[in-house]
Amino acid sequence: MPENQLKEMLVFYNKKQNVNEGVGYSPSAKKPKLVVHAWKQSGYPVSIKKTRPLSLEEISVAHDRNYVKGILNGKIKNGFGNKSLNVAKSLQWTTGSFYCAAAHAYLHKTNTFSPTSGFHHAGYNYAKGFCTFSGLTIAAILLSRQHKAQRIGILDLDSHEGDGTTNTIYKTNSDDFISHYSLGEYDIQKHNNKEWLDDLPNLIKTNFSDCDIIFYQAGVDCHEDDPEVHSGHFTTEQIYLRDKLVYSTCIELKIPVVTNLAGGYQKPFQKIIDLHNLTAKAFQESQ
Ligand SMILES: [Zn+2]
């Protein structure tokens with residue numbers, strides 16, 4: 001494809017959203033840097049956009065304030081099971097990356113990227129499964145309050161159930177303006193994943209046609225080789241097709257998409273990078 005036909009990728013990234021210390025099994029804390037680097041290396045026109053950390057007050061729109069305070073002060077264990085102040089600080093930047101990407105996408109009616117993970121298991125007042133704050137619900141509520149967005153869609157195609165997203169939406173009475181679909185709530189296996197993929201454009205139209213913006217969790221732990229795979233069991237080609245269908249359908253609906261990374265646990269780490277590169281390729285080739 002000639003370079004002038006490539007679409008600019010607006011990536012809301014700040015190196016402060018990475019954590020360099022060991023955070024256990026999940027690679028998500030160092031993933032932003034590696035994925036952004038890989039997208040640039042692949043020759044995609046990546047434009048790094050400014051972000052800012054979210055404040056205690058902003059994060060608390062989707063969480064119990066004392067819980068948020070406890071995490072940020074290092075008094076309550078985060079989703080990685082520790083009380084690290086460095087991790088706590090990085091969480092203000094990951095939620096900030098996602099919110100800045102969402103606000104830009106909504107205000108400019110354009111697609112954006114937030115190289116973040118670790119959102120969808122975090123509940124109103126608890127951390128779980130590497131997730132501490134619900135960056136998705138926080139961004140949805142802030143878009144609604146600060147920018148008057150009418151309806152926000154959360155298309156969560158990570159392999160696992162977005163139980164924290166459901167919990168934070170419920171606890172904050174946000175279900176009247178947030179539409180949420182989570183692949184992990186369904187039992188999609190080898191025998192029925194082709195059928196699910198064939199229906200994906202229809203699924204998006206049914207659930208999100210009336211949305212001003214769609215938050216897309218492009219998790220790659222639904223790959224058939226992922227050690228944590230639950231729902232999906234997609235081949236590499238099917239992951240690429242999934243992303244192409246998401247972008248093409250949203251272009252057709254004229255709805256801007258904010259993409260984040262969500263889960264992925266294959267080893268070596270390059271396998272995860274390769275799958276996230278396919279998301280960028282699908283974005284480039286969708287129309
Ligand atoms: Zn997952």
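## Fold and helix packing

Residues 24 or more positions apart supply 78% of those contacts in the protein chain that have a separation of 6 or more. The model is a predicted one. Its protein chain contains 9 helices and 7 strands. For 287 residues the globule rule gives 19 Å, and the radius of gyration of the protein chain is close to this at 17 Å, so the chain is as compact as a globular protein of that length. The C-alpha trace spans about 50 × 40 × 40 Å along its principal axes. Of the 287 residues, 52% count as buried.

Helix α1 covers residues 31-41 and helix α9 covers residues 270-285; their axes come within 10 Å of each other and cross at roughly 55°. The crossing in which α1 passes α9 is right-handed.

| Helix | Residues in the contact |
|---|---|
| α1 | L34, V35, A38 and W39 |
| α9 | I273, H276, N277 and A280 |

Which classes of residue form the contact of α1 with α9? The contact has 6 nonpolar and 2 polar residues, and no charged residues.

Methods. Residues numbered from 1 in each chain as written. Predicted model: local features only at pLDDT ≥ 70, side-chain atom pairs only at ≥ 80, totals over all residues. Helix = DSSP H or I, 4+ residues; strand = E, 2+ residues; numbered from the N terminus. Rg over C-alpha atoms; globule rule 2.2 N^0.38 Å. Buried ≥ 20, exposed ≤ 12 C-beta atoms within 10 Å, placed from the backbone. Contact = placed C-beta atoms within 7 Å. Axes fitted to C-alpha atoms, helices over the stretch in contact; angles between N-to-C directions. Left-handed = near helix turned anticlockwise from the far one by under 90°. Nonpolar A, V, L, I, M, F, W, Y, C, P; charged D, E, K, R; others polar.
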